[in-house]
Amino acid sequence: MQYFKFIFVILVSCLLLQFTACKSDKSDKGNTTLPKPKDEKVTALSKPLSVNAGEANAFLLEKTPILHSIIKNNAEVLPVIAQYVYELFHTAKSIKNEADLQRLFNEREQKIIPLLNEKVLNPLSTADETFFHQENGKKLNKELETIGLRGVFAEGFYMGLAAFPMLGKELEQHASEVYKWYMQFWNGEGLSQGGEYPYMNLDGYGQMTVAAEQMVDKYPEHEYTKKIQQGFRDGLNVLTDVHKVIQGGETNYIVHDLNTEFYPTATDIAAYEKLLEAHPNSKYYSVIKKITENMSTMAYVKDKGWKDLYMVVISWEAAKRSRDGGPCANARQKVYEYLDKGIDVPHALFLQKGKKRSCAVVYRFFPDKKEAEKAAATIKSQIPDIEGVVKTTFNKRSFSWKVVE
């Protein structure tokens, strides 16, 4: 069982966005209106509250009794968590400005989450895999949410901690607009984590995208905007790089590249419909709508395998290993440029082309050539100089798609 859990954790961890950052206290996904920007001012950091260990410990016992019972004998963890919780519930004294908010959010990200995860919750779940299914485990989850944390689970296994909305009133009172959007972005990122199938619910990704849009539009050079860029693009990729897989008389919807397996990258068309309904004013509304209304498609025939695909290639980009974006980082950047312009080009695909692999920026792909040619005619009205329709076939030996030349 422990071996299974280890393998499962590795698989899912590769798919989840690994951000553990700050979030706002309100996540009304349909209403993204915030107050007009106010001038940001350099404000002095207030001193952390001075509270003796006994008082903080007693307060922790009152507010989070299950958590207290678990860490009460841990001399390394108890005083840190007790001080943190005390400050969260005495914000009239602990928060005077945006710098104070940053201090508490940063403490949660850099100290509280790693400490609880590594020293308490991960060992606890390893020792007793059923703990979080028990009454005390469920109560602990609720307690964690009151102090800005949430457990992330998949297949019933504890995967780690993410931030949960907190200090909403204090953000409204003390934060600049860009910092509020920043918190809303990370709130969406936390919401996007967890679950056996992480793409079945797109609420978090939608919230991330809408918040990032505001930041990029109003504060393009701000340090907060630069910090969310990678997460923003990763989330946008989930919302656009999707295709249908027809197999055995069933149609499934799969996120990313040319993936075909239902587990764990499956999604649901209803999730995209819900996303569009929630965010009609998003600049990416039109491209997501076009993609879902005319989605790329793959098809499998029993005893024959995967049908050849006809890809509407916009351009070829050199494959180049990137620390952050994989071999097709350049092609993926081209995709983002099109999406930002409102042009529904969603795919950057790693293909075997001749004796080497290349990256194709792809508008759509279909097992039907005529359907691909129709799609090519459509996109030519926006991008006249496309490469054209390219035939590809699946190579069972290399488990990759090869261009037929």
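Student: Is Y300 buried, exposed or partly exposed?

Tutor: In this predicted model, Y300 is partly exposed, because its relative accessible area of 33% lies between the limits of 20% and 50%.

Student: Which residues form an aromatic cluster?

Tutor: F105, Y179, Y182, F185, W186 and Y224 form one such cluster.

Student: How is the order of strands in the sheet to be read?

Tutor: Strands of a sheet pair through backbone hydrogen bonds, either parallel or antiparallel. Here five strands form an open sheet with mixed pairing, in the order 5-4-3-6-7. Strand 5 (266–267) and strand 7 (305–306) are the edges; each has a single partner strand, so one side of each lacks a neighbour in the sheet.

Student: How many bridges join strand 4 to strand 5, and in which direction do the strands run?

Tutor: Two bridges join strand 4, residues 250–255, to strand 5, and the two run antiparallel. Y253 stands opposite T267 of strand 5.

Student: Which ring lies under the charged end of K353, and which under R364?

Tutor: The charged end of K353 sits over the ring of W316, 4.9 Å from its centre. R364 lies over the face of Y363, at 4.3 Å from the ring centre.

Notes: Residues are numbered from 1 along each chain as its sequence is written. This is a predicted model: local features need pLDDT of at least 70, side-chain atom pairs count only at pLDDT 80 or more; totals for chains, interfaces and linings use all residues. Side-chain values use heavy atoms; hydrogens and water are left out. Two strands pair if DSSP finds at least two bridges between them. Helices (H or I, at least four residues) and strands (E, at least two) are DSSP runs, numbered from the N terminus. Buried means under 20% relative accessible area, exposed over 50%, partly exposed in between (1.4 Å probe, protein chains only). Rings of Phe, Tyr and Trp (its six-membered ring) pair if their centres lie within 6.5 Å; planes under 30 degrees apart count as stacked, over 60 as edge-to-face and the rest as tilted. A charge sits over a ring if NZ of Lys or CZ of Arg is within 6 Å of the ring centre and within 35 degrees of the ring normal.
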